[in-house]
Amino acid sequence: MVLSTVGAAFGTAKSGIGIAGLGTFRPDLIMKSLIPVVMSGIIAVYGLVVAVLITGGIQPNDYSLYAGFVHLGAGLACGFTGLAAGYAIGFVGDSCVRAYVYESKVFVSMVLILIFGEVLGLYGLIVALIMNSRASEARRCV
């Protein structure tokens, strides 16, 4: 959860810097420029979901080494992809929001690029969910 939250915080901060720069020139465009900040926040939610699922799967007396390593891998998969997605969203959001001041056609391109950056975190969430289900299946077999 920590790694995906760091990525989300970086994406929010970096995009927020661009939005602050945009607000001095064109305050009317601020609301449309909040998309990168919202998308960064979703990255943190991915990490929270995986952390809650892993925590719910821990049994004090029935927790194998295999399940522990699978849960570690699931957390790292979601965390590192969230970190990468946050960085991607932050840099794209900052640059595109600054370009949006001068050219309104950049908005559609910005949204598309942000979606592709967000998908990186979604891939990590999917892999983590699959890995978490494998750990719970292994526990039932033992």
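Three salt bridges are counted in this predicted model, a salt bridge being a side-chain nitrogen of Lys or Arg within 4 Å of a carboxyl oxygen of Asp or Glu. The model is predicted, so local features need pLDDT of at least 70 and side-chain atom pairs count only at pLDDT 80 or more, while totals for chains, interfaces and linings use all residues. Residues are numbered from 1 along each chain as its sequence is written, and side-chain values use heavy atoms, with hydrogens and water left out.

**Salt bridges**

- Side chains of opposite charge can pair when their charged atoms come close.
- Lys14 pairs with Asp94, and their closest N and O atoms are 3.6 Å apart.
- Lys14 belongs to helix H1 and Asp94 to helix H3, so this pair ties together parts that are 80 residues apart in sequence. Helices (H or I, at least four residues) are DSSP runs, numbered from the N terminus.
- Asp94 also meets Arg98 in a salt bridge, at 2.8 Å from N to O.
- Both Asp94 and Arg98 lie in helix H3, four residues apart, which is about one turn of the helix.
- Asp28 forms a salt bridge with Arg26, with the closest N and O atoms 3.3 Å apart.

**Exposure of the charged residues**

- Buried means under 20% relative accessible area, exposed over 50%, and partly exposed in between (1.4 Å probe, protein chains only).

**Nonpolar core**

- The largest nonpolar core has 23 residues, and those with the most contacts inside it are Leu22, Ile43, Val50 and Met110. Such a core is a set of buried Ala, Val, Leu, Ile, Met, Phe, Trp, Tyr and Cys residues joined through side-chain atoms within 4.5 Å.
- Helices H1 (2-25), H2 (35-56), H3 (65-100) and H4 (106-141) each supply at least two residues of this core.
- H3 gives the largest share of this core, seven residues.
- Not counting residues up to four places away in sequence, Ile43 touches Ser4, Ala8, Gly82, Ala85, Ile89, Glu118 and Gly121. Contact here means heavy atoms within 4.5 Å.

**Packing of H1 and H2**

- H1 and H2 pack at an angle of about 175°, and their axes are 8 Å apart. Axes are lines fitted to C-alpha atoms, for helices over the stretch in contact, and angles run from 0 to 180 degrees between N-to-C directions.
- H1 and H2 are therefore roughly antiparallel to each other, a label for angles over 145 degrees.
- On the H1 side the contact is made by Ser4, Thr5, Ala8, Gly11, Thr12, Ser15 and Ile19, and on the H2 side by Pro36, Val37, Ser40, Ile43, Ala44 and Gly47.

**His71**

- His71 lies in helix H3 and is buried, with a relative accessible area of 4%.
- His71 and Leu129 are 58 residues apart in sequence and 9.8 Å apart in space, C-alpha to C-alpha.

Conventions
Angles under 35 degrees count as roughly parallel, over 145 as roughly antiparallel, 65 to 115 as roughly perpendicular and the rest as oblique.
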